[in-house]
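Have a look at the model first, then read on.

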Amino acid sequence: MASQLRAPKGVSEYFPPRSDAFLAVRNSLARAATNAGFGYIELPVFEDTALYVRGVGESTDVVSKEMYTFTDRGDRSLTLRPEGTAGVVRSVIEHSLDRAGLPVKLWYTGPFFRAERPQQGRYRQFYQLGVEAIGVYDPALDAEVIAIADEGFKRLGLTGYQILINSLGDAKTRANYRETLSEFLSRLDLDEPTRERAKINPLRVLDDKRPQMQELLADAPLIGDSMTPAAAQYHAEMLGYLRELGIEWVDQPRLVRGLDYYTSTTFEFVHGGLGAQSALGGGGRYDGLMADLGGQDLSGIGFGLGLDRTLLACEAEGIELGRASTCDVFLIPLGLAAKSRLVGLAAQLRSVGVRTDLAYGDRAIKAAMRGADRSGARLAVVLGDRDLENATAELKDLTSGAQATVDWTDLISTIQEKLA
Ligand code: HAM
């Protein structure tokens, strides 16, 4: 026997019936973005490796340890996208999307790839839905972006999450902070890789999740203490807008996020029912990224929400999403003449928006009825030779068991009435 093939380790997959709940999650979050005027962008799944090295930053775990990088047949180094922001910014620059009026507001969704150690809620191929708003530096826009994620989660019925917020300030703030933090880190007994990391970006060290590091870092200076008056004012205004929107948050002065491009507003949505991988999504400002990648010096803000984790959070809260059934009407032909009639009926019903399936494979009525039950359909149509002669069909209500003979000419309208 041929050996069984399996999906690579750590990839997430969705198939019925759970895939319907996955789509419901994606649709809910997408709706929140489109309601706020974001246009859809479909991006390549692989990009030049240099985009992520320059965009996301060499000192990040994502770039230094987690990228799926390969050389193609033309000897180019390519990487499966680990995140979406760098690709959006690259596309905005390449296609001059920033010439048509600002902000450029875009949303995207699809698979992303990180070679992480797989566990519940952490996969090597996972799904995100993200938004990016590029070209306007306005605290009200930051609040809008946070509100979109909040609305998307609320629409799903989620309640068990918190919004953590911090500010990384402006360039001057971070320069001040880098100095204070580097001085603090230099007094600690750090291992060699961490010391190296601190040299490239001392903020990255704060993101170290190891318990012994968290203990050492407990007394680390906070970025809030290095804030310039202008950056502090921006942050206060942003929080004012959140208050206006009725959004509750928790100040998280140690939130630095795992990617190097962040500036100013940063935030994370965390859920209590997810175990170790508690972040449903996160984002923030990235005011230097456009210029770093060779574009105009424009600001930007966005988020990436994890669809896999959002679905897990819904399940943890007992929220039922999506439809349990794959069709509303199941057609059962008894004989070849009936089959060709029902093939036509299926097309007609579908064209008026009724989800319809047919018992293919010329099965006996018993097996076909089992198929009807499995499909979750509310109605079944059985068509035999006698019906063909009389121009009728048998319509069965699969919930109540009631059965009636219906004239062929009335069949579609009767089905529509029963389903309404
Ligand atoms: P991120 O925090 O790296 O940000 O990822 C966003 C979300 O993607 C996480 O909160 C999590 O829900 C999900 N996620 C990340 N890695 C995994 C994984 N291995 N398995 C399952 N889910 C995962 C970004 O990617 C930024 N591009 C967000 C952003 C957009 N910032 C500004 N604009």
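## Layout

Into which domains is the protein chain divided? There's domain 1 (18-170 + 228-316) and domain 2 (329-419), with bounds that come from an automatic or database domain assignment. Their C-alpha centres sit 47 Å apart.

A quick word on ground rules: this is a predicted model, so local features need pLDDT of at least 70 and side-chain atom pairs count only at pLDDT 80 or more, while totals for chains, interfaces and linings use all residues. Residues are numbered from 1 along each chain as its sequence is written, and side-chain values use heavy atoms, with hydrogens and water left out.

## The nonpolar cores

A nonpolar core here is a set of buried Ala, Val, Leu, Ile, Met, Phe, Trp, Tyr and Cys residues joined through side-chain atoms within 4.5 Å. Buried means under 20% relative accessible area, exposed means over 50%, and partly exposed is in between (1.4 Å probe, protein chains only). The largest core has 89 residues, and Ile134, Phe153, Leu185 and Phe269 have the most contacts inside it. Helix 5 (residues 139-156) supplies the largest share of this core, nine residues. Helices are DSSP runs (H or I, at least four residues), as are strands (E, at least two), numbered from the N terminus. Apart from this core lies another one of 18 residues, including Ala346, Leu358, Leu379 and Leu383.

What does Ile134 touch? Not counting residues up to four places away in sequence, the partners of Ile134 include Val88, Val89, Val92, Tyr286, Met290 and Leu298; contact means heavy atoms within 4.5 Å.

## A buried aspartate and an enclosed helix

Asp150 belongs to helix 5. Is Asp150 buried or exposed? Asp150 counts as buried because its relative accessibility is 6%. Leaving aside neighbours within four places in sequence, Asp150 is in contact with Tyr161, Ile163, Ile247 and Phe269.

Helix 12 (residues 307-316) is largely enclosed by the rest of the structure, because eight of its ten residues are buried. Among those buried residues are Asp308 and Arg309, along with Leu311 and Leu312. After helix 12 comes Gly318, with a positive phi near 70 degrees.

## The second largest pocket

On a 1 Å grid over the protein atoms alone, a pocket is an open set of points with protein on both sides within 12 Å along at least five of seven lines, whereas a cavity is a set where a 1.4 Å probe fits but cannot get out; lining residues have an atom within 4 Å of a point. Grid points are joined across faces, edges and corners, and a volume is the space filled by probe spheres set on the points.

The second largest pocket has a volume of about 410 Å³. Of its 22 lining residues, Arg174, Arg178, Asn201, Asp260 and Tyr262 are the closest to the centre. Helix 6 gives the most to this lining, with three residues. The lining divides into nine nonpolar, six polar and seven charged residues. For these classes, Ala, Val, Leu, Ile, Met, Phe, Trp, Tyr, Cys and Pro count as nonpolar, Asp, Glu, Lys and Arg as charged, and the others, Gly among them, as polar.

Searching the whole structure turns up two cavities of 30 Å³ or more. The largest cavity holds about 40 Å³ of space, and its lining has seven nonpolar residues, one polar and one charged. Tyr177, Leu206 and Arg254 are among the residues that line the largest cavity.

The second largest cavity holds about 30 Å³. Its lining has three nonpolar, two polar and three charged residues, including Glu47, Arg81 and Glu83.
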